[in-house]
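Student: Could we go through this model together? I would like to begin with the ligand and then turn to the backbone.

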Amino acid sequence: MLTVGGMRADILAERYGTPALLLDLAVFDGSLSALVDAASAHGIRVSYAAKALLLTALAKRLQTRDVGLDVASLGELITAERGGIEAPRITLHGAGKTDEEIDAAFVGRVGRLVIDSVDELHRVVEISRGRSLDVLLRMNTGIEAHTHEFIRTAGDDTKFGLAPRDEDAVLAMLRANSQLRLRGVHAHIGSQIFDARPYAANAQALLEKLDRYRRAGFAGADTMVIGGGFGVQMHPESPDETIDVPAILAAVAAAVPHGVTVEIEPGRATVAAAGTSLYRVMAIKRYAKRTFAVVDGSMADNPRPALYGAYHHVVAARKSDAPYHPVTVCGRSCENDALADAPLPQDLRAGDLLAFCTTGAYTYSMASNYNRFPRPPVVAIENREATLWARRESIEDVFRNDV
Ligand SMILES: Cc1ncc(COP(=O)(O)O)c(C=O)c1O
């Protein structure tokens, strides 16, 4: 029987039901420590990107570590607060912040606000009513990277960051509103990146922007945030899914002049590997050319395969000596929601458990109630003990807001 964090999958399934997201905290701690060690060797600061996964219990755990937190909504901010993370450690992001979120920054609930557009800056100035705030500018450096694709564009392909044509207007506004203290620049360039080149290119582009602002008189602008995006191995045998984060950070640090602080915001690389989703097989359907296994989860609890073809390695929890054959693992939603194609034992049957690996990031946080399915629980495992971090939604939770 498969074990997760030293605990048997069948026992966990019995106790918490399926589907369930299991989080192995030793793996989480290991991933976070590896990133912090690689970064601190070069004076680089780490903020965890809450969008990957945030729960109150996780925020409490992050509170004890020397890391910041990147939040992108009031919900993420309040979760951070419930976890006891102090405001100076929190940076507020978002491509379209609400007035309430902007006001939260001015009342001291975050350390910094990242301005994403000239229109947003107008609202920030209006809402400030003279109150002061540290701000970063999200830039559009035109550098985009996803897995093994690295492209330089004029920036037309991304909604994130200041359009280059607005940069002068933004600087003029910041000059006229000294209550907004420009602390630096930011650019996040993509996800599942394994290539060092886009990081170097992005750092170079950000340095040029920073240099320009410092020469324009913003002496306090001394920070460069290069975002997250560090790739995570999804397939246990893939030779392509390797990344040398220490080498990337060493190269970025070497290119940065004295007096400039670099920061990173890894989400996926911190939490993805710690997560395993457990499902129960509901039905096997054998056709001449294909075998389907329908599981008790769906694209509602794991939207990433349907959303952008994310791959998850799938293993049967019960050990079997039967030969393996290709199986399409599907969810039970009213979509053709193939969750994975996986080699699985021919004796796989209804009632068996399947584990989807590397589901810690952007799985629970992106889950929905499609088909009015309740969201699964999150169970943290540490020292062979399991603790509920998020309850399974009840059916009442699903229609709680119906009027
Ligand atoms: C601004 C920002 N920072 C950090 C991240 C985290 O990226 P990842 O989880 O790939 O490390 C994201 C992801 O969307 C982001 O938008």
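Predicted model: local features only at pLDDT ≥ 70, side-chain atom pairs only at ≥ 80, totals over all residues.

Student: Which residues come nearest to the ligand?

Tutor: They are G229, E265, G267, R268 and Y362, out of 15 residues around the ligand (a heavy atom within 4 Å).

Student: What does the side chain of Y362 do there?

Tutor: One of its N or O atoms lies 2.6 Å from an oxygen atom of the ligand. A polar backbone atom of R268 is 2.7 Å from a ligand oxygen, and for G229 a backbone N or O atom lies at 2.8 Å from one. The protein covers 90% of the 390 Å² of accessible area that the ligand has on its own (Shrake-Rupley method, 1.4 Å probe).

Student: Turning to the backbone, which phi does Y362 have?

Tutor: Y362 has a positive phi of about 60°, although it is not a glycine. Y362 is buried, with a relative accessible area of 16% (buried means under 20%, exposed over 50%, partly exposed in between; 1.4 Å probe, protein chains only).

Student: And R129, is that buried or exposed?

Tutor: R129 is exposed, at 62% relative accessible area. Its phi is also positive, about 40°, and R129 is not a glycine.

Student: Where is the cis peptide bond?

Tutor: It joins T18 and P19, with omega about -5°.

How values were computed. Residues numbered from 1 in each chain as written. Heavy atoms only, no water. Polar contact = N/O pair within 3.5 Å; in protein donor to acceptor, adjacent residues only side chain to side chain.
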